[in-house]
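Visitor: Please take one loop and go through it closely, then follow its links to the rest of the chain. I would like the cut-offs stated along the way.

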Amino acid sequence: MKGLLLLGLLLLSATVQGKIYGRCELARTLKELGMDGYRGISLADWVCIAKWESGYNTEATNYNPGDKSTDYGIFQINSRYWCNNGETPGAVDACDISCSALLQSNITDAVKCAKRVVRDPQGIRAWVAWRTHCENHDLSEYVEGCGV
Ligand SMILES: *[C@@H]1O[C@H](CO)[C@@H](O)[C@H](O)[C@H]1NC(C)=O
């Protein structure tokens with residue numbers, strides 16, 4: 001019985017592709033992917049966004065009943081503008097990507113799309129969580145001790 005449960009858990013972790021990042025693990029990964037200073041945005045800002053949007057969880061999704069869109073992944077990227085989930089009215093898909101790709105443990109696609117988001121004029125202000133929790137805050141704690 002215990003063996004069966006263990007097998008089930010193993011199978012589950014093999015099929016579920018997401019992951020919850022550690023703070024410093026995320027900071028280092030974002031740095032490797034060229035996010036440190038991208039469009040003048042600091043690594044600490046990106047980590048702060050991820051913390052408040054998803055709790056560093058690449059599998060986080062949130063449905064917005066107002067416009068029937070869904071936010072995906074570590075940066076909670078929205079299906080109305082950026083990714084395609086096949087069920088959002090009037091969707092734009094500006095990142096030209098399937099929303100499910102934004103839920104992978106490998107955040108390469110999510111980072112690429114986040115870069116696309118901040119190339120728009122609104123820039124980092126696209127994230128409500130950034131305005132609420134990161135803007136005008138001391139963000140040093142988000143990268144403290146990470147060696148980045
Ligand atoms: C993550 O995905 C990218 C692009 O698909 C790939 O180049 C890279 O090797 C992957 N990284 C890991 C650690 O699997």
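**A loop and its surroundings**

Guide: Threonine 88 lies in the loop between strand S3 (77-78) and helix H4 (108-118); helices (H or I, at least four residues) and strands (E, at least two) are DSSP runs, numbered from the N terminus. This is a predicted model, in which local features need pLDDT of at least 70 and side-chain atom pairs count only at pLDDT 80 or more, while totals for chains, interfaces and linings use all residues. Residues are numbered from 1 along each chain as its sequence is written, and side-chain values use heavy atoms, with hydrogens and water left out.

With a relative accessible area of 10%, threonine 88 is buried (buried is under 20% relative accessible area, exposed over 50%, partly exposed in between, with a 1.4 Å probe and protein chains only). The side chain of threonine 88 has a polar contact of 2.7 Å with the side chain of serine 79. A polar contact here is a pair of N or O atoms within 3.5 Å; within protein, one must be able to donate a hydrogen and the other to accept it, and residues adjacent in sequence count only if both atoms are side-chain atoms. Leaving aside residues up to four places away in sequence, threonine 88 touches Asp67, Lys68, Ser69, Ser79 and Arg80 (contact means heavy atoms within 4.5 Å).

One of these neighbours, lysine 68, sits in the loop between strand S1 (61-64) and strand S2 (69-72). Although lysine 68 is not a glycine, its phi is positive, about 60 degrees. Its relative accessibility of 47% makes lysine 68 partly exposed. The loop between S3 and H4 also holds aspartate 93. That aspartate 93 is a residue other than glycine, and its phi is likewise positive, near 55 degrees.

Cysteine 95 and cysteine 113 form a disulfide with their sulfur atoms 2.0 Å apart; the criterion is a pair of cysteine sulfur atoms within 2.5 Å. The torsion of this link of cysteine 95 and cysteine 113 is 85 degrees about the S-S bond, and the link is right-handed. Cysteine 95 lies in the loop between S3 and H4 and cysteine 113 in helix H4, so the pair ties together parts that are 18 residues apart in sequence. Both cysteine 95 and cysteine 113 are buried.

Through cysteine 113 the account moves to helix H4. The buried residues of H4 are Ala110, Val111, Cys113, Ala114, Lys115, Val117 and Val118, and they pack against H2, H3 and S3. In H2, the buried residues are Cys24, Leu26, Ala27, Thr29 and Leu30, and their cover includes H3 and H4. After H2 comes glycine 34, with a positive phi near 80 degrees.

Cysteine 24 is joined to cysteine 146, S to S 2.0 Å, and the link of cysteine 24 and cysteine 146 is left-handed, with -75 degrees about the S-S bond. Cysteine 24 and cysteine 146 are both buried.

The other link joins cysteine 48 to cysteine 134, S to S 2.1 Å. Its torsion about the S-S bond is about -95 degrees, so the disulfide of cysteine 48 and cysteine 134 is left-handed. Cysteine 48 is buried at a relative accessible area of 0%, and cysteine 134 counts as buried at 2%.

A search of the whole structure finds four disulfides. With the bonded cysteines numbered in sequence order, the pairing reads 1-8, 2-7, 3-5, 4-6.

Last, the open space. The largest pocket has a volume of about 250 Å³. It is lined by 13 residues, and Gln76, Asn78, Trp82, Ala126 and Trp127 are the closest to its centre. On a 1 Å grid over the protein atoms alone, a pocket is an open set of points where a 1.4 Å probe fits, with protein on both sides within 12 Å along at least five of seven lines; lining residues have an atom within 4 Å of a point. The volume is the space filled by probe spheres set on the points, which are joined across faces, edges and corners. The lining of the largest pocket divides into eight nonpolar, three polar and two charged residues (Ala, Val, Leu, Ile, Met, Phe, Trp, Tyr, Cys and Pro count as nonpolar, Asp, Glu, Lys and Arg as charged, and the others, Gly among them, as polar).
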